[in-house]
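Please work through the exercises below with the sequence and the coordinates at hand. Each task is followed by a solution in steps.

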Amino acid sequence: MEYVGIDLHKKGFTACAMDEVGKVTHAGGYDNTESNIETLLAVCNNPSFVIEATQNWMWIVRFLEEKGCPVTLAHPLRTKAIASARIKTDELDAKTLAHLLRSNLVPMAYIPTIEEQEDRDLSRARCQFVKQQTWVKNQVHSLLTKENLIPPVTDLFGVKGRLWLENQKLSENKEIILKQMLLLLNDVKKKVVALDKQIELRSRDNNRVRILKSIPGFGVITAFVLASEIGDPKRFSSGKKLAAYLGLVPSCYQSGSTRRLGGITKLGSPYARWVLVQAAHRLVRKDFNTKLFYQALSVRRGNKRAIVAVARKTAELAFRLLIDNRKYEVRRPMKE
């Protein structure tokens with residue numbers, strides 16, 4: 001049996017194969033093509049592969065799995081032997097990965113199923129378009145602020161708000177900017193609507209979405225994004241582990257008797273964190289017990305920390321519902 005470490009890049013990869021005693025049997029660089037993977041397989045004897053989780057790992061992992069090869073996805077932040085190396089080359093990285101695999105020391109990352117990856121791509125694209133939509137609206141508000149124009153309506157981009165915008169007299173340049181911003185906003189809105197329809201379609205037979213949607217403050221979109229980012233909930237041993245995976249727990253520095261807690265780690269999926277925080281705001285308004293928890297904590301820690309704490313508790317709640325395969329029920333007040 002041989003252990004093969006692959007250092008993958010955008011256009012090519014470097015492979016290093018070694019036997020069970022650590023002797024290098026093959027090493028070389030290749031372009032990112034399936035035929036080159038076939039070539040690598042031909043020179044290796046019963047290989048197992050390890051690949052660092054870079055941006056483009058999906059295609060090569062899927063191809064190797066189709067060939068029946070065992071594949072381990074290495075967590076890049078936890079592969080400290082590579083991250084902290086003083087001398088760093090592609091060849092050394094591939095060799096180190098192979099050594100870690102041979103020694104069964106690879107910090108593994110989760111490999112989502114093809115369906116889960118498709119759902120992630122869809123939900124992440126939708127989140128990006130929504131953020132772009134928010135950016136455009138902020139630019140329009142900024143333009144009006146510079147001209148000391150205060151909208152007389154609550155929703156500037158509703159029917160009355162758009163009518164008010166059209167009747168404002170601006171300089172020629174600002175007229176052009178405003179027109180292009182509104183055209184861009186219309187275009188982005190259409191894209192969001194199209195993605196929403198596809199998400200609704202893919203959510204119909206998704207049991208995880210059905211369960212998460214039962215939580216107050218969760219709609220189809222929020223449930224779909226969170227379900228796709230979590231993947232298989234059974235890979236976590238507890239709700240706290242899931243919250244840590246999503247970067248919603250405080251960072252910690254400890255040396256001897258000194259222990260300091262900082263802001264949340266913000267590791268893991270930013271998309272899941274974003275929808276959980278948004279859902280936490282709605283949950284506070286809709287669920288009485290959550291509202292009590294939020295109000296009590298906000299007095300001592302402030303509104304921002306309190307809402308993040310609600311988001312963390314919501315992640316733990318989502319984990320328990322998914323594991324128990326049941327919908328949300330009114331429960332006792334949250335505890336810190």
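The exercises that follow treat a sheet, a helix packed on it, and several salt bridges, all in a predicted model.

**Exercise 1. Side chains and burial in S1**

Task: Decide which residues of S1 point one way and which the other way, and whether they are buried or exposed.

Solution. 
Step 1. In a regular strand, side chains alternate between the two faces of the sheet.
Step 2. One group consists of Glu 2, Val 4, Ile 6 and Leu 8; Tyr 3, Gly 5 and Asp 7 point the other way.
Step 3. A residue counts as buried under 20% relative accessible area. Seven of the seven residues of S1 are buried, and the strand is described as mostly covered.

**Exercise 2. The helix on the sheet**

Task: Identify the buried residues Asn 36, Ile 37, Leu 40 and Leu 41 as a group on H1, and find what covers them.

Solution. 
Step 1. Within H1, Asn 36, Ile 37, Leu 40 and Leu 41 are buried. They lie on the same side of H1 because they cover an arc of only 145 degrees around the axis.
Step 2. The cover over the buried residues of H1 includes S1, S2, S3, S4 and helix H2 (57-66).

**Exercise 3. Salt bridges within a helix**

Task: For the pairs Glu 65 and Arg 62, and Lys 191 and Asp 187, find the N to O distance of each salt bridge.

Solution. 
Step 1. Side chains of opposite charge can pair when their charged atoms come close. The structure holds 11 salt bridges.
Step 2. Glu 65 and Arg 62 meet in a salt bridge at 3.7 Å, N to O. Both lie in helix H2, three residues apart, about one turn of the helix.
Step 3. Glu 65 is partly exposed at 37% relative accessible area, whereas Arg 62 is buried at 14%.
Step 4. Lys 191 and Asp 187 meet at 2.7 Å, N to O. Both belong to helix H7, four residues apart, about one turn of the helix.
Step 5. Relative accessible area is 32% for Lys 191, which is partly exposed, and 35% for Asp 187, which is also partly exposed.
Step 6. A network also occurs: salt bridges that share partners join Arg 320, Asp 324 and Arg 326.

**Exercise 4. A salt bridge between helices, and a buried glutamine**

Task: Explain what the salt bridge of Arg 202 with Asp 119 ties together, and list contacts of Gln 117.

Solution. 
Step 1. In the salt bridge of Arg 202 with Asp 119, the closest N and O atoms are 2.5 Å apart.
Step 2. Arg 202 lies in helix H7 (residues 172-203) and Asp 119 in helix H5, so the pair ties together parts that are 83 residues apart in sequence.
Step 3. Arg 202 is partly exposed at 30% relative accessibility, whereas Asp 119 is buried, with a relative accessible area of 7%.
Step 4. Gln 117 also lies in helix H5 (residues 114-146) and is buried, with a relative accessible area of 11%.
Step 5. Leaving aside residues up to four places away in sequence, Gln 117 touches Trp 57, Met 58, Arg 62 and Pro 112.

Technical notes
Residues are numbered from 1 along each chain as its sequence is written. This is a predicted model: local features need pLDDT of at least 70, side-chain atom pairs count only at pLDDT 80 or more; totals for chains, interfaces and linings use all residues. Side-chain values use heavy atoms; hydrogens and water are left out. Buried means under 20% relative accessible area, exposed over 50%, partly exposed in between (1.4 Å probe, protein chains only). Helices (H or I, at least four residues) and strands (E, at least two) are DSSP runs, numbered from the N terminus. Contact means heavy atoms within 4.5 Å. The arc is that of the directions from the helix axis to the C-beta atoms. A salt bridge is a side-chain nitrogen of Lys or Arg within 4 Å of a carboxyl oxygen of Asp or Glu.
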